[in-house]
Every structure is written in C-alpha cells, then in structure tokens.
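Here are a few notes from my pass through this one. Have a look at the coordinates first, then see whether you read things the way I do.

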Amino acid sequence: MAFETMRSEPLQSIPKTFAGVDVFITGGSGFMGKVLIEKLLRSCPDIGKVFVLLREKKGKSSGERVQDLVGIPLFDKIRESCPDVIQKLVPIAGDCSLLKLGLHEDSLEQMKNVQIVFHAAASVRFDDPLYKAILLNTRGTREVFRWAKTLKNLRALVHISTTYCNPEIFEVEECIYPAKMDWQKAIEIAEQLDPEVVETLSQKLTSFSPNTYTFTKGLAEQICYDYHQELPVVIFRPSIVTNAEKEPLPGWIDNFNGPIGLLVGMGTGVVRTGCIKLENNRINCIPVDVSIKAIIIAAWKRANSSSSQPMLPIYNSAAEVYKTASYRFLVDECEELYHKTPSSQMFWAPGGLNTNCVAAFCVVFFFSQIVPAVLLDTLLKLCRRKPIMLRLQRKIFDATISLLYFTENEWVFKTDNFRGLQVDLLEQDREAFDISYISQGLIPYYADAILGVRRYLFREKDDTIPVARKKMMRFVWMHRAMKYTLFSYISYVIFCLF
C-alpha cells in the first residue's frame with residue numbers, strides 16, 4: 001500500500017506533518033493511549049494542541065486526570081528535556097459510552113480545527129455485559145465518526161482495533177471480514193432492550209463469539225468500512241500489546257495483560273496451576289512502542305495521501321512467527337528471569353503444575369490456590385488486615401477460563417501492510433520512528449518486562465532485588481520442606497495400612 005505519487009509538493013517528514021496540527025485522542029488514559037501521547041509530544045514537539053477525551057473518574061475531573069497522567073515515569077524524559085510541550089495537552093470532558101461523546105458545545109468549538117483523530121478508547125474486558133460493550137466499543141466508534149464528519153480539515157482518522165476482532169478466522173489478512181451482525185441493529189438493541197434481556201440473548205446475538213470484546217470490536221470495523229468513503233479512515237489492528245522494548249523506557253508497562261500476567265503470577269507464587277497447551281501454541285505479542293510508532297506512521301501516511309479514490313488502509317500490527325514466544329518458552333525458559341529479579345511482593349515460592357484438561361485444572365486449582373488463599377485470608381483477618389487472596393484467586397480463575405479459547409488456538413497474521421510502513425518512512429524519520437522489534441531476542445525482551453513490572457507496577461527500587469532474592473530462597477526451602485513432610489506423612493499412612 002505505497003504512497004500515491006500524484007503530488008506537486010515534496011512529502012514532509014512526520015514532525016513537520018504534525019507541526020501546528022491539532023490532534024484528538026480517545027482512550028488517552030489507557031496503556032496505548034499514554035504511550036501515543038508521550039511519543040507525539042516528544043518526537044513532534046511543534047505539534048498543535050493535543051485534545052484528550054477523559055471522563056470524570058473517582059471524583060477527579062478530566063483536568064486532574066491529565067495532570068496525573070503526565071506525572072508517571074513514562075513522561076520523565078519529556079519533563080527533563082522539553083517540559084513546556086506538556087502544556088499542549090488539553091483535557092476534554094466527555095465519555096465514549098455517551099451519545100455525542102458527552103461533549104459540551106464549548107469543547108466542540110475548541111476542537112473545530114482538529115486534523116488528525118486517534119480513536120483508542122475501548123473496554124478490553126472480556127466479561128463485560130453485551131449491552132455495555134456495544135455502547136462503548138461499537139456505538140462509541142459511531143459517535144467519534146459522526147463528530148469527525150463535522151471537521152472541515154480532517155486528514156486522518158485512525159481507529160485502533162485488534163487482530164482478534166474475528167477470532168474464528170485463524171489466518172487473518174489485512175482486510176475487512178463479513179459482519180456477524182448489522183452494527184446499527186446491535187446499537188438499537190443495546191439502547192432499547194433491558195440489559196438483562198440483552199444478556200440472555202448474548203450468545204445468539206454474537207453468533208457464539210468467545211467474548212463481547214472481540215464481537216463489538218468486529219462491529220466497530222464494519223462502521224469503519226461504512227464510513228470510509230466519507231472520512232479518511234485507517235484501521236490499525238495490534239495483536240497482544242506488551243511492554244515497551246526501547247522507548248521511552250525499556251520495559252515500561254502499566255498492566256498485567258497477556259504473558260506479563262502469567263510471568264508475574266508464576267514469579268510471585270500466586271499462580272500455581274495453568275490450563276495451557278505448552279508444546280505447540282505460541283502467543284503473538286507486539287511491543288507497545290513499536291505499535292505506537294506504526295500508528296503515527298499510518299496517520300502520517302493517510303494524511304499525506306493524494307488519492308482521490310476512497311481507500312481503507314488496514315494494518316495488522318503483529319509479530320512474525322519467529323519473533324513470538326511459545327507457552328513452553330514462557331513457563332520454562334523465563335523461570336530463570338523472575339528468579340534473577342524477583343519481586344519483593346512474593347507470596348510463595350515460584351512453581352506449580354499445568355494441565356490441558358479443564359476438569360483437572362479446576363481440581364488442582366482448588367487445592368493449590370483456593371485452599372491456601374482461604375488460609376492466608378484467615379491469617380490476615382486475625383492480624384486485622386484486609387483479606388485479598390481469595391478475591392485475587394477468583395479473578396485468576398475467571399481470567400484463565402475466559403482465555404481458554406485463545407490459549408487453545410493459534411493465529412497467523414498477514415503483515416505486509418504493517419511491515420510496509422517501515423519502507424515508506426523518509427530518511428529523516430527512520431531513527432525516531434523505526435518499527436523493527438525484538439532486535440536483541442526474546443530473552444532480553446522478557447527480562448526487561450519482568451524488571452519493568454518491578455519498577456512501574458510494583459514500584460520497587462532495583463536495590464531491593466538482593467533482599468527479594470533472599471526472601472524467595474526462604475520460600476523455596478519452606479515449600480520443599482512442606483512437600484517432603486507431606487510426602488513422608490502419606491508414605492507413613494500407606495505403610496501403616498498395608
């Protein structure tokens with residue numbers, strides 16, 4: 001999908017294309033949204049205003065939430081080198097789950113000169129009720145597009161989707177797939193029917209999709225297709241987005257999604273059993289900084305397109321097979337990594353069992369995770385502390401069951417368009433927007449991931465690693481002692497019986 005050549009003026013670099021240009025971002029407080037904001041401000045310092053749609057949350061206004069956002073370590077480099085550029089961030093009170101995005105008239109007037117839109121807002125929860133997922137992920141996309149039609153100078157509208165929006169297709173091309181349901185009808189149902197009725201009909205309505213997230217994101221892509229003749233739309237599909245590889249901070253992460261949750265769970269001793277096909281299946285992950293740079297390149301490319309014909313560029317931002325990790329790799333080869341840099345928030349020694357059988361998993365989970373969680377919560381109550389372990393184990397169990405479809409299957413993603421973004425870059429943009437990835441190999445990447453969890457999720461300093469190692473070794477010896485004691489007791493009972 002190369003550039004059209006029908007242009008009289010020379011093509012501008014990415015920073016020059018964004019210079020003086022107002023940008024609008026939904027989902028700015030999310031994982032990808034934060035990295036997108038940081039990259040735009042740092043690499044395109046002459047950008048116009050960056051409007052960020054944020055709803056009031058936990059009693060904090062959109063303005064207060066923006067201040068919290070730029071106060072995290074992700075923005076350290078900007079605060080040190082060019083702090084004034086942060087003033088370009090403009091919080092906009094609104095909500096993608098509301099009609100007209102909940103925007104006020106003064107906000108609409110303020111944003112009338114926006115030229116580039118990044119729509120990243122979505123609920124990524126797999127267990128959201130269907131009506132709620134439709135209102136945010138599907139209707140929210142329609143509302144963004146309706147507002148975008150009022151912009152006189154719009155040059156690019158990038159819709160951030162997912163490579164898994166059609167999870168029943170295991171070889172995914174960079175194209176639009178047939179709809180499972182009419183998106184307009186889906187919105188009508190969510191708006192007009194009682195939520196309990198919608199939930200009762202959810203399996204039938206979604207054509208038995210694995211979850212409401214993938215179903216509603218698939219519907220959102222149909223909206224993109226229906227609007228692409230009226231708006232300069234781009235569909236960008238990341239696979240599982242994981243920690244930053246290079247910038248602005250190697251290993252930066254703010255969630256436990258994907259393999260990060262598995263590694264942290266095993267490393268802290270919280271996860272003692274799994275239900276995963278270890279031998280053959282691989283998990284497709286892409287570093288967040290790579291995906292964000294590619295999103296910006298895609299917006300730049302669309303904004304500079306001179307084609308008069310309607311076009312709908314689609315990019316599968318996914319890793320090539322040889323750069324993906326198998327579950328066996330994550331469980332076995334990464335064990336050394338969390339032993340090397342263990343967390344101080346360890347609950348027990350790393351280790352456990354895995355099974356491919358759901359029934360066996362449930363039995364092992366009960367004895368190896370639920371029973372210890374009940375005992376630990378009892379101790380916490382006796383110490384007048386808040387019990388947390390049983391609730392945590394319920395979340396782990398629900399997550400494991402909801403992910404079974406994805407851990408049992410494997411996908412191949414065609415990435416010709418995505419890889420072509422690197423080719424289209426101008427020479428002066430190649431260093432700042434290089435989208436090569438996993439350049440040092442998987443082991444260094446996941447080593448940074450585990451270190452990033454310590455630094456940015458658990459907020460532990462690196463100088464606490466030696467103490468954490470000693471704590472881990474104590475748990476290892478305690479675990480071995482308990483196993484040997486239990487084995488000896490069972491052997492004694494058997495000996496006495498026979």
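How many bridges join strand 1 to strand 2, and do the two run parallel or antiparallel?

1. Three bridges link strand 1 with strand 2 (residues 50-54), and the pair runs parallel. Keep in mind that this is a predicted model. Within this pairing, Phe24 sits opposite Phe51 of strand 2. To get from strand 1 to strand 2, the chain passes through helix 2 (residues 31-43), and the β-α-β crossover is right-handed.

2. Strand 1 also pairs with strand 4 (residues 114-119): five bridges join them, again in parallel. Phe24 turns up here too, with Val117 as its bridge partner in strand 4.

3. On burial, strand 1 (residues 22-26) is mostly covered, with five of its five residues buried. Asp22, Phe24 and Thr26 point one way, while Val23 and Ile25 point the other way.

4. Now over to Ser161, in the loop between strand 5 (156-160) and strand 6 (171-172). Is Ser161 buried or exposed? Its relative accessible area is 4%, so Ser161 counts as buried, the cut-off being under 20%.

5. What does the Ser161 side chain touch through a polar contact? The partner is the side chain of Glu221, at 2.8 Å. Setting aside neighbours within four places in sequence, the contacts of Ser161 also include Lys217, Ile235, Phe236, Arg237 and Pro238.

Key
Residues numbered from 1 in each chain as written. Predicted model: local features only at pLDDT ≥ 70, side-chain atom pairs only at ≥ 80, totals over all residues. Heavy atoms only, no water. Buried < 20%, exposed > 50% of the residue type's maximum accessible area, 1.4 Å probe, protein only. Helix = DSSP H or I, 4+ residues; strand = E, 2+ residues; numbered from the N terminus. Pairing = 2+ DSSP bridges. Right-handed = clockwise from strand over helix to strand, strands pointing away. Polar contact = N/O pair within 3.5 Å; in protein donor to acceptor, adjacent residues only side chain to side chain. Contact = heavy atoms within 4.5 Å.
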